[in-house]
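Here is a short note to read beside the model. Please keep the sequence and the 3D view open as you go.

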Amino acid sequence: MPNNQCGLISRCFGKFNELIDWIFPTANSVRPVEVANVGMLWSFSIIFIIGAADIILQYPYRGFTYVASIWIWIAMFILGTGCWFALVKKSLRSDRRSAIGLALSSVVFIALSGIFASDYPPLSTAVPIYFLHGIMCLMASVKRMKAVRVIADELANEG
């Protein structure tokens, strides 16, 4: 890879990190995203656990016929529960788990956005909403993991 492309990639990552630090100035500023994430995971999964058979017949949920297994929605509920337990505890380990839960949630919400997009035309407003929430989860995960890394490095240097 030529040097100018490596420089471009590093500048893009630098700008991404600047954006994350601008959106989340402190490590605890990711809490609202974590709370919204848990609420969205739980509510979406519960609604599909209860009535997926009826929901997938309607626009814009027809794309969900490909993911009609109840186990997917149970796994989504369990992910939300794990994120909740990581959210309410205050320790380095729970913050690390929270970052991992946010990263997994990011994948879930971006996939949901793609499933909503599969029911095109017309395009649903759910596509950008879930995509943006997935991106926010990703950025919150990066911020949380960076904070964990700083604290872990400080603890390692003290010992």
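1. Ground rules. This is a predicted model: local features need pLDDT of at least 70, side-chain atom pairs count only at pLDDT 80 or more, and totals for chains, interfaces and linings use all residues. Residues are numbered from 1 along each chain as its sequence is written, and side-chain values use heavy atoms, with hydrogens and water left out.

2. The main core. A nonpolar core is a set of buried Ala, Val, Leu, Ile, Met, Phe, Trp, Tyr and Cys residues joined through side-chain atoms within 4.5 Å. Buried means under 20% relative accessible area, with exposed over 50% and partly exposed in between (1.4 Å probe, protein chains only). The largest such core has 20 residues. Phe44, Phe48, Phe64, Trp73, Leu112 and Phe116 have the most contacts inside it. Helices H2 (31-55), H3 (70-88), H4 (92-117) and H5 (126-158) each give two or more residues to this core. H2 gives the most, with six. Helices here are DSSP runs (H or I, at least four residues), numbered from the N terminus.

3. The second core. A separate core of eight residues includes Ile20, Phe24, Val33 and Leu102.

4. Aromatic rings. Rings of Phe, Tyr and Trp (its six-membered ring) pair if their centres lie within 6.5 Å; planes under 30 degrees apart count as stacked, over 60 as edge-to-face and the rest as tilted. The structure holds 16 aromatic pairs. Phe44 and Phe116 have ring centres 6.3 Å apart and planes at 85°, so they sit edge-to-face. This pair joins H2 to H4, 72 residues apart. Phe64 lies in the loop between H2 and H3, 52 residues from Phe116.

5. The cavity. Which residues line the largest cavity? They are Glu34, Asn37, Val38, Cys83, Ser98 and Leu102. A cavity is a set of points on a 1 Å grid over the protein atoms alone, where a 1.4 Å probe fits but cannot get out; lining residues have an atom within 4 Å of a point. About 40 Å³ of space lies inside. H2 supplies three of the lining residues, the largest share.

6. Ser98. This residue lies in H4. Is Ser98 buried or exposed? At 4% relative accessibility, Ser98 counts as buried. Ser98 touches Glu34, Ala86 and Arg144, leaving out residues up to four places away in sequence; contact means heavy atoms within 4.5 Å.

Methods:
On a 1 Å grid over the protein atoms alone, a cavity is a set of points where a 1.4 Å probe fits but cannot get out, and a pocket is an open set with protein on both sides within 12 Å along at least five of seven lines; lining residues have an atom within 4 Å of a point. Grid points are joined across faces, edges and corners, and a volume is the space filled by probe spheres set on the points.
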